[in-house]
Amino acid sequence: MTAFVFPDTTVLINFALINRMDLLSRLLRDRGRWCLTVSQECEGASQVEGRLELLLAKDLLGVPWEPQTEEEHIDIRDLRDLMARPGDSARAHLGEAETIVLMEARTVGAMFVTDDADAARQARYRGLVAIDTWDLVRLAVRQGMADIDTAFGYALSLHDLSRAVPPELRESREAFEKWCQEGS
């Protein structure tokens with residue numbers, strides 16, 4: 001069983017935008033955690049219109065985990081640099097890097113929830129489980145926490161807000177339902 005679940009900022013923003021931090025809370029079942037950088041990113045992002053619900057994340061995720069050792073700080077910086085692209089700000093990918101390093105250093109059986117494909121790849125490379133927003137939505141449907149129409153509405157709403165939604169999930173309600181019933 002997964003001990004902790006670490007959502008990144010993008011995932012938290014997605015649930016805030018659809019006003020479903022309550023659903024995220026039910027999915028996390030008191031196992032949610034976050035790192036300091038993600039908590040700071042969420043605090044800043046909560047100032048953007050439509051994201052006020054992000055302030056609820058601190059109740060769901062508790063006290064942020066912080067790097068404790070020089071080795072953790074170095075590993076975070078190295079991983080952040082590995083994920084960065086030319087022109088990225090110095091803080092780009094920092095939340096993902098911090099989360100991955102702290103999960104790797106301190107937990108057994110933790111799960112990382114990220115919509116950043118590079119971060120997911122890095123987590124998996126390190127032996128961590130990585131899923132995305134849509135895996136959580138599919139889980140919500142399968143566990144009866146959301147019906148197909150509601151969940152499909154989340155995909156359409158997030159797409160309308162220019163959030164990343166896989167094309168097959170916004171193609172049609174039928175395609176979305178089939179996707180929910182298939183796969184992992």
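**Inside the core**

Modeller: At 0% relative accessibility, Phe-176 counts as buried (buried means under 20% relative accessible area, with a 1.4 Å probe and protein chains only). This is a predicted model, where local features need pLDDT of at least 70, side-chain atom pairs count only at pLDDT 80 or more, and totals for chains, interfaces and linings use all residues. Residues are numbered from 1 along each chain as its sequence is written, and side-chain values use heavy atoms, leaving out hydrogens and water.

The largest nonpolar core has 61 residues. Such a core is a set of buried Ala, Val, Leu, Ile, Met, Phe, Trp, Tyr and Cys residues joined through side-chain atoms within 4.5 Å. Those with the most contacts inside it are Leu-12, Phe-15, Met-21, Leu-24, Trp-134, Leu-136 and Phe-176.

Start with Phe-176. Beyond four places in sequence, Phe-176 is in contact (heavy atoms within 4.5 Å) with Val-137, Ile-148, Ala-151, Phe-152, Ala-155, Glu-168 and Leu-169.

Now Met-21. Leaving aside neighbours within four places in sequence, its contacts are Leu-12, Phe-15, Ala-16, Glu-53, Leu-56, Ala-57 and Leu-60.

One of these contacts is Glu-53. Glu-53 lies in the loop between helix H3 (36-45) and helix H4 (57-61). The Glu-53 side chain does reach the backbone nitrogen of Arg-20, at 3.4 Å.

Key
Buried means under 20% relative accessible area, exposed over 50%, partly exposed in between (1.4 Å probe, protein chains only). Helices (H or I, at least four residues) and strands (E, at least two) are DSSP runs, numbered from the N terminus. A polar contact is a pair of N or O atoms within 3.5 Å; within protein, one must be able to donate a hydrogen and the other to accept it, and residues adjacent in sequence count only if both atoms are side-chain atoms.
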